[in-house]
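Me: Could you walk me through reading some features of a protein model, one at a time?

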Amino acid sequence: MQFHHHGYVSTDPRIEPAAGVGLDRPSDLPSEIDVLIVGSGPAGIVAAAQLAQFPNIVTRVVERRDGRLVLGQADGIQARSVETFQAFGFAEEIIKEAYQITETSFWSPDPARPENIVRSSVTPDDPAGISEFPHLIVNQARVIDYFAQYARYSPARGEVDYGYEFVGLNVTGEGEYPVEVTLRKVSGYSGAGINTERAAGSDDAEEITVRAKYVIGADGARSAVRHSIGGALEGDQSFHAWGVMDVLSVTDFPDIRKKCIIHSEAGSILHIPREGNHLCRIYVDLGEVDENDGGKVRETSLEEVIQQANAILHPYTIDVRNVPWHSVYEVAHRVTNRFDDAATSPDGKPRVFLMGDACHTHSAKAGQGMNVSMQDGWNLGWKLGYVLEGRSPESLLQTYSDERRVTAQNLIDFDREWSGLMARKPEEFDSPKQLEEFYVQTAEFPAGFMTEYTESMLTRPGAHQELAAGFPIGKRFKSVNTTRVADAVDVHLGHHHRADGRYRVYAFADASGVALDQWAEWMLGSKDSPLQRFTPLGADVDSVFDVKAVYQQDHHSVDISRVSKVFLPLSGPFQLVDYEKIYAAKADDDIFEQRGVSRDGVVVVVRPDHYVAGIFPLSATQELSDFFAQVFLER
C-alpha cells in the first residue's frame, strides 16, 4: 500500500485524498449525471467502485432499498474473484471472515445398503494449483459492503443513493446527456431478503427526471432497464426444482463442515458450509416438475424441504434449529438478447448497458452468478472511465458486449451441464466417478479462469505468444512470486495490480539488461512512446501506464542507481520517487521459468481488469506504440 506521497498521513491510509467531484459531492441526485447505475448488487457496485477512481466523472448508483443489503442469495466466491478483491484492496480482510473450501466430499449410495449414503471420495478443491488464492464462502451482503467502502474511500467519494426506483428511460440522442431517466422516490422497502416484496412505489410517489450520458442496468433478473431497451432473456427451463436454505443445525453427518456433493436414492444435495463456523447452505433436490405446474412447486414448505434433506442424508439426520433464509426455485438457463442498446440507439452508439443477472440467469449450484457479475462490472467500469475522460474513443464501449456476451454464454453452457449432472439419479451415471471426474476436469472454469477474450482493439492474440507462453493473451494475468528490489520484500507480481484504472506494462529484462535499457530509454523519451503520446499533459508519468521491470538476476545483483528512471517515476504533488516498480526473479520460484518468459526479454501488457492484452519483443517498440494507438486518443 502506498501513501504519504500526497503528504503525511496518520489516519486510515486506505482513504485516498478526495478529488474532482469527490470534493463537494451533493447529497441529492444531480439533474445531469455522467454514469447512472441502476442497482447496487455485485455488478453495479463493482462498476461504481472502479468509476470512483475517475474523480472527474459524475457517477451515481440508485437502489430502491432504503439501506444496505442485509441478506443476499449468493455466497460462493471463486479464486478469480479473490484476485479481484486483492486489486480493490480487501482480499486479506474478507478471507479472514470467510469460510475457505479446501476439499469436496462426494457421497453416494452404499453398494451394500443402497438406502444409506457413504463417503465415496474426497477431492482437493484446487488440485492443479490454479491460483494462490482460496475458494471462499461469504455472504453477498459483505462483498457489496467492501466494494461500497472502496468507492467511498476513492477520490470521487462514491456512495449509493437509496430509495430510488427506476421507472423508465428514453434515449433521445440529443445533447451532451442523451438518456432521459425517470426515477421514483420510494421508502419503506428494506429488501432484507430475496422473498421480500417492495412495500412502496405507489402511484402518488414523487417522480424525478435526470439526464445521463450512460446508464447501466444492474437491476437483476427482472430488470426494468432491460425491458426499457427492448431486451429479453432467451433460453430454457429444466423443470427441475430445488429447495435452498441457510440453516443453523445439529447433525451426526460427519462432513457438515465440508463442501459435499451427495447423491442418494432419495435425491441429491449440494452442501456448502458458510462463514462463522455454524451456518450452512443446503441445496435440496425436489425432483422433476410438470411443465404445466405454473410455479406451484414454489409453494413447497420449509418443513417439506427439511424432510427431503433428511431423506437424502439417511442414515444421518439433521435437526434444523434456525433458518435465516430459504427459497424454492426451478432451474433456468437464459442470456439476454442484447447487452446494450446499440441496435436501437438513435446514433447506433451504446448508451445503455446491462450486466449481472439482467444479462444471464442460471442455477446457483455452480456458484458463478455473483462472480461473473462482478467481472461484468469491472469490464465496463474502466472503459466508461476512459471514454468519459477523453482517453479513448467511444468505440471502446462496444468491446463490453463483444467480450461479456461470450463469457455469459459459456457460463450458461457450463451450468446447464453441471446442474444436469447434479439432478441425475445414481443409476443414471455412466460410472460412479463421473460427477467427480467432471468436477476435477473442469476446475478451471468454476475457479473463474477460463475467460479468454478474442482479438479486438484491446487484445492482440497470437503474435509473439511464444515469448511468454505462461501468460496467454486474452486470459487473466497469472501472478508469480518475485522479490521487490528496493526493500527485498517478496511480492506476488500481480498483487500490486490495483483497480486504479491503469494499464500495467511488465518489461522482463534480457540477461544482460542492455535490451531493457534501450527499451526504457525509448519508453521514457521517444515521441512515439505510449508515455509521450497518451499521458495527459501535466499528469504524473505513471498516471496511465504503470511500467515495471522484472530482472532475471537475484535482487542483490540489481543496482537501482543504474536502473532507468522510467522504473523510478516521480509522483504526487511533491514528485516523490516510487520504488515499487523494480522486481527480481526468485531462484526457487523463477517467474521466467514458471511462465515460459523468454530470456531475451519481453514486454507483457495487461489491461486495467487484469487480462493480458499483448506480448511484444523489447525491440518491437513501434508495434507496441501502434497497439496502444488503437485504445487511446493522442493527448
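Predicted model: local features only at pLDDT ≥ 70, side-chain atom pairs only at ≥ 80, totals over all residues.

**Strands, rings and buried residues**

Me: How many bridges join strand 3 to strand 7, and in which sense do the strands run?

Reply: The general idea comes before the case. Strands of a sheet pair through backbone hydrogen bonds, in either a parallel or an antiparallel way. Here, strand 3 and strand 7 (residues 135-137) are antiparallel and joined by two bridges.

Me: In what order do the three strands of the open sheet lie?

Reply: The order is 3-7-4, with antiparallel pairing. Strand 3 (76-77) and strand 4 (99-101) are the edge strands, each pairing on one side only.

Me: Which residue stands opposite Y164?

Reply: That is K185, in strand 10. Strand 9 (residues 164-171) and strand 10 (residues 179-185) pair over seven bridges, in the antiparallel sense. Strand 9 is also mostly covered, as six of its eight residues are buried.

Me: Now the aromatic residues, please. How many aromatic pairs does the structure hold?

Reply: There are 32 aromatic pairs in the structure.

Me: Why is the pair of F477 and Y506 called stacked?

Reply: The ring centres of F477 and Y506 are 4.7 Å apart and the planes lie at 10°, so this pair counts as stacked; the cut-off for stacking is an angle under 30 degrees. F477 sits in the loop between helix 9 (434-441) and strand 19 (481-484), while Y506 belongs to strand 21 (residues 503-508), so the pair ties together parts that are 29 residues apart in sequence. Both F477 and Y506 are buried.

Me: What kind of pair do F628 and F632 form?

Reply: A tilted one: the centres of F628 and F632 are 6.0 Å apart, with 55° between the planes. F628 is buried at a relative accessible area of 0%, and F632 is buried too, at 4%. Ring pairs also link F628 and F632 into a cluster whose members include F54, W382, Y386 and Y503.

Me: Which residue has its charged end over the ring of F449?

Reply: R476 does: its charged end is 3.7 Å from the centre of the F449 ring.

Me: Let us turn to single residues. Is V210 buried or exposed?

Reply: V210 has a relative accessible area of 2%, so it is buried. This residue is found in strand 11 (residues 207-217). Beyond neighbours within four places in sequence, V210 is in contact with several residues, among them P30, I33, L36 and V181. V210 and Y177 lie 33 residues apart in sequence, and their C-alpha atoms are 9.2 Å apart in space.

Me: Where does G369 lie?

Reply: G369 lies in helix 7 (residues 369-388). Its relative accessibility is 16%, so G369 counts as buried. A separation of 9.9 Å is found between the C-alpha atoms of G369 and A43, which are 326 residues apart along the chain.

Me: What does UniProt list for residues 451-634?

Reply: An unreviewed UniProt entry lists them as "domain: Phenol hydroxylase-like C-terminal dimerisation". In the model, this span is 17% helix and 21% strand, and its end C-alpha atoms lie 30 Å apart.

How values were computed
Residues numbered from 1 in each chain as written. Heavy atoms only, no water. Phe/Tyr/Trp six-rings, centres within 6.5 Å; stacked < 30°, edge-to-face > 60°. Helix = DSSP H or I, 4+ residues; strand = E, 2+ residues; numbered from the N terminus. Buried < 20%, exposed > 50% of the residue type's maximum accessible area, 1.4 Å probe, protein only. Lys NZ or Arg CZ within 6 Å of the ring centre and 35° of its normal. Contact = heavy atoms within 4.5 Å. UniProt positions renumbered as here; feature names shortened; annotations may be inferred. Pairing = 2+ DSSP bridges.
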